[in-house]
Amino acid sequence: MSQQIPDPARWLADLMQAQHTVLWPTGDISATPEALAAAATSWTKAVADLTAWQLGTLQQMATAWTEALSGAGAAAEPVTDKRFAGEAWRKDPRFDALARTYLARTEQLHKALDAAPLDERSKAQWGFALRQLTDALSPANMLVTNPEALQLAVETGGASLADGLRLFTEDLARGRIAMTDETAFEVGRNVGTTPGSVVYQNELMQLIQYSPTTDTVHRRPLVIVPPSINKYYILDLQPQNSFIAHAVAQHHTVFLVSWRNAGPGQATLTWDDYIEHGVLRAIDVARRITKADKVNTLGFCIGGTLLASAVAVRAARGEHPAASMTLLTTMLDFTDTGEIGLLVSEPGVAAREAAIGKGGLLKGSELAQVFAALRANDLIWPYVVKGYLEGKAPPAFDLLYWNSDATNLPGPMFCWYLRNTYLENKLREPGGTVQCGEPVDLGAIEVPAFVYASKEDHIVPWKTAYASTQLFSGDTTFVLGASGHIAGVINPPAKKKRNYWTLVQAGAPDVPARLDADPDNWFDAAESIPGSWWPAWITWLAAHGGRRVAAPKEPGNAEFAPIEEAPGSYVKEQAG
């Protein structure tokens, strides 16, 4: 071929040498445009080399030796990569050969990286960067090298390209790629519809109490702390998949924290504020409204990190308001944080602290882009291909609507979290962090704990979530669900989908033994059970809910209505 990239090992080595000091900058990159320009030059050359190779390959496939390739392609094993699974890729030998050559080159590049003389962390960082580059340069992502898009353009007389341009323009205006039909959903209309009322709010959050749907409720309520980096309604999407509605239907009085979408007025709020005026305040309000001695608690993702910290803070004060604690896809031991951890470094965290550590905002859209990049071939490029190249608008999907509804974080809060967890892993150490004026020891948490992880989670690796079971002093139950970070959690029983793994003990199931420190040993001993993990959790939670009492007629009560500001404003803001 006349157009080829250099030997993969040499090409990669040249790129790595050029990027040695600027791929993960050591200072505030916003102040170093020269470094960014230098970085862009090297990456642009790399892109140009691979693009030229792709176009040259396609051009040569149109020559007389296409027939020979056709015979070779027919004898070869079918391409299994879903990007090239369509019939148009298989029936035209030029595009079939292009896809195969791209996949072979990509494999060569990753093998060259594996053989490079780098430490494991550097190699993993470069692996992440290389995957971003090669994923972006897939022939499927370019009109001229995508036979399905070209065929559709011919069949529609160019209408698909016009529609794709319109979708691109709309996404450009909103500043992100649309993953779902965002006009199909509205908070309060068809997502977030479980009846309830705001019973408390302050500068940081609103507390929603959901209306009972049963004649009796457990004496102890359930207080839920969702992630602060997304909107509250992930656990209350639609009636058929609402975790909230399910818990309410199982005789639980449910309170849910709705974190405020931080704006300039909240730019100086700290991690301690989220603990003291968020989680702990919600627990106190729920206890006072229900007059319960204790509450059951649940935290999801970073909401679980906040919850465990808050329970440990109260334990340090000699107070124990929680009867149980449920953690969903939560990290407390940050030894293995997956690919997200590869993007965290001392210089990078220091730069963040200098920029927003004393005041400022981390935009939710920035975090959303990071999470999407971890699974670019699922969360970025399919929408580019279907939308911009084929002119097909994404279908309505409630979970992706929520995923696109990002929330800002106060800079001081985010920087404390980043340094003390991902960078220094201090939370797992007894007294390693001081929160709300108290040395925090997670070992002081003696309440029964239910720890859930998702097997295919790309944000919280399941073995990392499992590590939390070794930090508490109380009885701990671990359940591993199928699927990913969100889809594994939102798995209602009526769907009869997926499965989960748990230990099935003989004799005394209510008194679990100390879990093995090795997650692989736990998995080998666990049993796979079809369907949703929700019923197992409901059974576990009922044992800590206390006796049943008559359900209140409505949320809150006349004796205690601690509304500090006009209710509803934050919920409306969350919906926007």
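**View 1. Cys436 is a buried residue, with a relative accessible area of 13%.** Buried means under 20% relative accessible area, exposed means over 50%, and partly exposed lies in between (1.4 Å probe, protein chains only). The model is predicted: local features need pLDDT of at least 70, side-chain atom pairs count only at pLDDT 80 or more, and totals for chains, interfaces and linings use all residues. Residues are numbered from 1 along each chain as its sequence is written, and side-chain values use heavy atoms, with hydrogens and water left out. Cys436 sits in the loop between β10 (433–435) and β11 (438–440). Helices (H or I, at least four residues) and strands (E, at least two) are DSSP runs, numbered from the N terminus. Although Cys436 is not a glycine, its phi is positive, at about 50°. Most residues other than glycine have a negative phi.

**View 2. His251 has a positive phi of about 75° and is not a glycine.** The loop between α9 (243–249) and β5 (254–259) holds His251. With 17% relative accessibility, His251 counts as buried.

**View 3. Lys82 and Asp378 form a salt bridge.** A salt bridge is a side-chain nitrogen of Lys or Arg within 4 Å of a carboxyl oxygen of Asp or Glu. In this pair the closest N and O atoms are 2.7 Å apart. The two residues link distant parts of the chain, 296 residues apart: Lys82 is in the loop between α3 (66–75) and α4 (87–91), and Asp378 is in helix α15 (residues 376–379). Lys82 is exposed at 59% relative accessibility, whereas Asp378 is partly exposed at 28%. A search of the whole structure finds 27 salt bridges.

**View 4. Arg131 and Glu339 meet through their side chains in a salt bridge.** The N to O distance is 2.6 Å. Arg131 belongs to helix α6 and Glu339 to helix α12 (residues 339–342), so that distant parts of the chain, 208 residues apart, are linked by the pair. Both residues are partly exposed: Arg131 has a relative accessible area of 21%, and Glu339 has 25% relative accessibility.

**View 5. Arg419 forms a salt bridge with Glu346.** Their closest N and O atoms are 3.0 Å apart. Arg419 lies in helix α18 (residues 411–423) and Glu346 in helix α13 (residues 346–356), so the pair ties together parts 73 residues apart in sequence. Salt bridges that share partners join Glu346, Glu353, Arg419 and Glu424 into one network. Arg419 counts as buried at 17% relative accessibility, and Glu346 as partly exposed at 40%.

**View 6. Helices α5 (residues 93–114) and α6 (residues 120–136) cross at roughly 165°.** Their axes come within 10 Å; axes are lines fitted to C-alpha atoms, for helices over the stretch in contact, and angles run from 0 to 180 degrees between N-to-C directions. The two helices are therefore roughly antiparallel to each other, a term for angles over 145 degrees.

**View 7. Leu165, Phe168 and Leu172 make a nonpolar surface patch of about 320 Å².** Patches are made of residues with over 30% relative accessible area and no salt bridge; like charges are joined within 9 Å, and nonpolar side chains (Val, Leu, Ile, Met, Phe, Trp, Tyr) within 5 Å. Accessible areas come from the Shrake-Rupley method with a 1.4 Å probe, and for residues only the protein chains shown count as cover. Phe168 is part of helix α8 (residues 159–174) and counts as partly exposed at 37% relative accessibility.

Key:
Parallel < 35°, antiparallel > 145°, perpendicular 65-115°, else oblique.
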